[in-house]
Amino acid sequence: MKKMIVILIAGVVVGITISGLYKHFVTDRITDGGGMVNEFANVFQDADTLKSIHWTQSGSSYDHGFCFDLEEADGAYTISGWCIDTGGSGERVERTDAPLTAEQWAEVEQCLRDNWHQPPKVLPEGLSVLDGMESYLSITSVREGETLTAEYNGEYEHALEGLLRELLMGASAEYAPPEA
């Protein structure tokens, strides 16, 4: 009987030890207790207010590259950048500080909330890819008075890309650059 009690106590001690080690080496590290960076801490959330987007993408083909810059300043919303009109003329569309409405801005915010974003690709030092796509998406927002910036790999952000292309090219009908 005493032998069974000793085995039971030893089993409990081993179980508690393994549980503690698992918590220390696995659970705490997953929840940032081990100094890991939580790449999703600044993800755009429901209560956030969008301040700016900077997104550049280079591709191995002509029509996959673009640059979008959206900014909010004192309640005024603008979009700048360039992209290829893939559904029409195939020409490069370029705009600088084209105005957006509050409804269009809200549409961009909703698109950010509705879609999942991937962390940026990090290539090993000294490695470069010549025929691949590089896509860098930076989103700055305000949450409870704090300004947050999150960086993503924008390569698979098809919904956001489509919306921003539409806004940039749609702005062309509303925005005409001054004649030189």
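Is Glu 72 buried or exposed, and what is its relative accessibility?

Modeller: This is a predicted model, in which local features need pLDDT of at least 70 and side-chain atom pairs count only at pLDDT 80 or more, while totals for chains, interfaces and linings use all residues. Residues are numbered from 1 along each chain as its sequence is written, and side-chain values use heavy atoms, with hydrogens and water left out.

Glu 72 counts as buried, at 17% relative accessibility (buried means under 20% relative accessible area, exposed over 50%, partly exposed in between, with a 1.4 Å probe and protein chains only). Its salt-bridge partner is Lys 51, with 2.3 Å between the closest N and O atoms (a salt bridge is a side-chain nitrogen of Lys or Arg within 4 Å of a carboxyl oxygen of Asp or Glu). Lys 51 sits in strand S1 and Glu 72 in strand S2 (residues 66–73), so the pair ties together parts 21 residues apart in sequence. Helices (H or I, at least four residues) and strands (E, at least two) are DSSP runs, numbered from the N terminus. Lys 51 itself is partly exposed, at 29% relative accessible area.

The count by this rule is four salt bridges. One of them joins Asp 48 to Arg 143, at 2.9 Å from N to O. Asp 48 is in the loop between helix H1 (2–30) and strand S1 (49–58), and Arg 143 is in strand S5 (residues 134–143), 95 residues apart. Both Asp 48 and Arg 143 are buried.

Another salt bridge pairs Glu 94 with Arg 92, the closest N and O atoms being 3.3 Å apart. Glu 94 is partly exposed at 48% relative accessibility, and Arg 92 is partly exposed with a relative accessible area of 42%.
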